[in-house]
Amino acid sequence: MEPPEPAEVRMSQAIQPAHANPRGELSAGQLLKWIDATACLAAEKHAGISCVTASVDDIQFEETARVGQVITIKAKVTRAFSTSMEISIKVIVQDMLTGIEKLVSVAFSTFVAKPVGKEKIHLKPVTLLTEQDHVEHNLASERRKVRLHHEDTFKNLMKENNEFDDPICDEEEGMVSTGGTAVQSIELVLPPHANHHGNTFGGQIMAWMESLATISASRLCRAHPLLKSVDMFKFRGPSAVGDRLVFNAIVNNTFQTCVEVGVRVEAFDCQEWSKGQGRHINSAFLIYNAVNDKEEMVTFPRIKPMSKDDFRRYRGAIARKRIRLGRKYVTSHKEEVPICVQWDISNQVSLSNANVEALKNLAAKSGWEVTSAVEKIKIYTLEEHDLLSVWVEKHVERPAHLTYHLLSDFTKRPLWDPHFVSCEVINWVSEGDQIYYITCPIVNGDKPKDLVVLVSRRRPLKDGSTYTVAVKSVLLPSVPPCPHYIRSEIICAGFLIRAIDSSSCTVSYFNQISASISPYFAGNLGGWSKSIEETAASCIKFIENATDGGLINTF
C-alpha cells in the first residue's frame with residue numbers, strides 16, 4: 001500500500017470477532033463508526049479546531065470484509081468552504097494471507113468547525129497537489145450544490161410522482177404491507193458513547209441506526225440483509241450523555257432486489273422524557289440487498305401502502321432513488337478504463353454489425369424503470385452492477401424515414417443537442433458507416449470533452465419497421481487525443497426509430513453511460529434539472545419542423 005498523502009488521515013483495524021455480524025463479516029455499523037472517527041480527525045487536521053459531523057452521504061459498499069482481514073480507512077478534506085468541509089473517505093480491505101486488496105467503500109461526509117467562544121471561523125483553502133486533487137475539488141462544489149438543493153429537488157420529485165401513473169395502482173399477487181417491518185429501540189447515552197466534545201459520538205448513532213434498519217429489512221425478506229449504500233445520515237442536532245435516544249425504523253419501499261429502510265432518531269433529556277416531548281436529531285435512509293442460505297440474491301416483494309404515511313414514505317423512496325442515481329454515477333469520480341476498439345477498415349463489417357447488435361441487445365434488456373414522464377417524452381433507467389443506462393422515448397409527428405434521415409446525419413446534431421458543440425465526418429467508410437469527430441462543452445469546470453465515434457446506420461428489413469442508428473467510440477490513430485480536450489468514450493448508444501403509421505413514429509434513444517460522459521446526465525438523473533427532457537423536446541421540435549428534404553422551416 002502506498003504511503004499516505006500529506007493531508008491524509010489513515011486508520012487501520014484488524015477485524016476481530018467482536019466487530020463481526022453472525023455471518024463472520026465486518027458489521028456495517030462498526031465500519032460506520034470507524035469511518036466517522038477517521039473523517040473527523042481529517043477535518044480537525046485541516047481546521048485546527050474541533051469539528052462535528054453535519055451529514056454523511058454517498059456511501060457505497062462494494063465488498064464485504066471478514067474476520068482476520070485488515071481494514072484501512074483513508075480520509076482527507078477535498079474542499080473547504082467558509083465553516084464546513086467535505087471529507088472524502090476510501091475504505092480498503094486486505095487479506096493477510098494473500099496480500100490482495102479490494103475496495104470496500106467510497107464515501108463523502110460534511111463536517112462543521114466548532115468556534116471557540118465568539119471567535120469567527122473562516123477555513124483555509126485546501127492545498128491541491130495532484131490532478132486528482134483538482135478533479136475532486138471541482139466535484140466537491142457540485143456535490144455541495146446537490147446537498148444544498150436536496151430539499152427542493154426532493155419536493156419537486158414528490159410532486160412529479162403524484163402527477164404521472166403510479167405503479168401502486170397495478171395490484172399484483174404477493175404485495176405486502178410494511179406494518180410488520182416497524183422496529184423501535186431505545187439507548188441510554190453513557191460516557192463511552194460520547195466523543196471528545198462531550199456529545200454523543202456520531203459514529204455510534206450511525207451504528208445504532210444501521211443495526212435497527214437491518215432488523216427491519218430482515219423482517220420483510222426473512223433472509224440475510226446486506227447493507228449496500230447509505231442515502232444520507234443527516235444530523236439535525238446534538239445529544240449528550242444522559243439522553244435517551246429512541247430509534248424507529250420501517251421499510252419504505254422495495255425495488256426488485258433492494259429495499260429502502262428509513263430510520264428516525266429522537267433524543268430526550270429527563271424532563272423531555274417525562275413529558276414525552278423529544279427532539280428529532282437524526283434521520284437516515286439505508287439501502288439493502290439480501291441473500292438466502294445458498295448465497296443467492298433475494299427478490300423483495302412489492303410494497304402495498306395502506307395509510308397516508310405509508311404512501312408518503314413509498315413515494316419518498318422513489319424520489320430518493322432517483323436522487324441517488326445522480327449522486328452515485330455523476331458526482332463521484334471514477335477512473336475510466338478505455339474499452340473502445342481500434343478501427344480497422346479490413347474488419348469494417350464485423351465492427352459495424354457488432355455496433356448495431358450491441359444497441360439492439362441494450363434495448364431488449366429487462367428491468368427498465370420509468371423515472372420521468374412528461375407529455376411526449378418518457379425516461380427510463382436500467383442499473384446493472386456498476387453500469388447505468390438511459391432510455392429516452394419520444395413520440396414524433398413525422399414519418400419514420402424522414403426522422404431516420406435527420407437523426408442519422410450527426411452533422412445536424414448540434415442544431416438540437418446542446419451536449420454537442422461540433423460534429424464532423426472524418427471518414428466516410430460507406431453509405432452505412434461513418435466515423436465522426438465530436439466536441440462537447442465544458443462541464444463541472446473541467447476541460448471540454450471530445451469523442452471519435454463510429455455511427456452505423458441500418459434501414460429496416462423488407463418486413464420490418466425499425467430504423468437503427470448505432471454509436472460507439474473507436475480508436476483512430478489519425479485523430480490522437482488533444483491536450484485541450486479530455487478524450488471521452490461512448491460505450492453503446494444510438495436511436496431505434498419505429499414507425500407508428502405513415503405520418504408518425506416513436507424515437508428511442510439509448511445510452512450506456514460511461515464515467516467520462518456521465519456529468520452530462522448529472523442534473524437529470526439526480527432530479528435537479530430537466531436537461532434530458534429539454535434536449536428531447538428540442539429534438540422533437542427539430543424533426544417536426546423539418547421538410548421532407550431535411551430542411552428546417554423554423555427552429
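Reading the sheets and helices of a predicted model

Tutor: Strand β8 (residues 244–255) and strand β9 (residues 258–268) run antiparallel and are joined by 11 bridges. Please bear in mind that this is a predicted model.

Student: Which residue in β9 stands opposite V251?

Tutor: The residue opposite V251 is V261 in β9.

Student: In what order do the strands of the open sheet lie, and which are the edge strands?

Tutor: The open sheet has 10 strands in the order β1-β3-β4-β5-β2-β7-β10-β9-β8-β6, and the pairing is antiparallel. Its edge strands are β1 (9–14) and β6 (183–188), each of which pairs on one side only. On average, neighbouring strands are turned by 25° against each other, with direction ignored.

Student: Which strands of the sheet does helix α1 touch?

Tutor: Helix α1 (residues 28–47) packs on the sheet and touches β1, β2 (51–61), β3 (70–80), β4 (84–94), β5 (101–113) and β7 (224–235). The direction of α1 makes about 40° with that of β3. Helix α2 (residues 131–148) also packs on the sheet, where it touches β2, β3, β4 and β5. For α2, the direction makes about 80° with that of β3.

Student: Which residues does I59 contact, leaving aside its neighbours within four places in sequence?

Tutor: With those neighbours set aside, I59 is in contact with L32, S105, V106, A107, K228, S229 and V230. As for A515, it stands 456 residues from I59 along the chain, and the C-alpha atoms of the two are separated by 18 Å.

Student: How many residues of strand β16 are buried?

Tutor: Strand β16 (residues 433–439) is mostly covered, with seven of its seven residues buried. For a strand, one asks which way each residue points. D433, I435, Y437 and T439 point one way from β16, whereas Q434, Y436 and I438 point the other way, and all are buried.

Student: Which strands does β16 pair with, and over how many bridges?

Tutor: Strand β15 (residues 422–428) pairs with β16 in the antiparallel sense over six bridges. A hairpin of four residues joins β15 to β16, and V425 has Y436 in β16 as its bridge partner. Strand β17 (residues 449–458) runs antiparallel to β16 and is joined to it by seven bridges. In β17, L451 is the bridge partner of I438.

Student: How does one describe two packed helices?

Tutor: The description of two packed helices gives the angle between their axes and the distance between those axes. Here, the axes of helix α8 (residues 400–407) and helix α10 (residues 531–544) come within 10 Å and cross at roughly 115°. The crossing of α8 and α10 is right-handed.

Student: Which residues of α8 and α10 meet?

Tutor: T403, L406 and L407 in α8 meet C539, F542 and I543 in α10. By class, this contact has five nonpolar residues, one polar and no charged.

Student: How many disulfides are found in the whole structure?

Tutor: A search of the whole structure finds zero disulfides. Cysteines may still be read by their accessibility. C270 counts as exposed because its relative accessibility is 52%, whereas C492 is buried, with a relative accessible area of 5%.

Technical notes
Residues are numbered from 1 along each chain as its sequence is written. This is a predicted model: local features need pLDDT of at least 70, side-chain atom pairs count only at pLDDT 80 or more; totals for chains, interfaces and linings use all residues. Side-chain values use heavy atoms; hydrogens and water are left out. A disulfide is a pair of cysteine sulfur atoms within 2.5 Å. Buried means under 20% relative accessible area, exposed over 50%, partly exposed in between (1.4 Å probe, protein chains only). Axes are lines fitted to C-alpha atoms, for helices over the stretch in contact, and angles run from 0 to 180 degrees between N-to-C directions. Helices (H or I, at least four residues) and strands (E, at least two) are DSSP runs, numbered from the N terminus. A crossing is left-handed if the near helix is turned anticlockwise from the far one by less than a right angle, and right-handed if clockwise. Contact means heavy atoms within 4.5 Å. Ala, Val, Leu, Ile, Met, Phe, Trp, Tyr, Cys and Pro count as nonpolar, Asp, Glu, Lys and Arg as charged, and the others, Gly among them, as polar. Two strands pair if DSSP finds at least two bridges between them.
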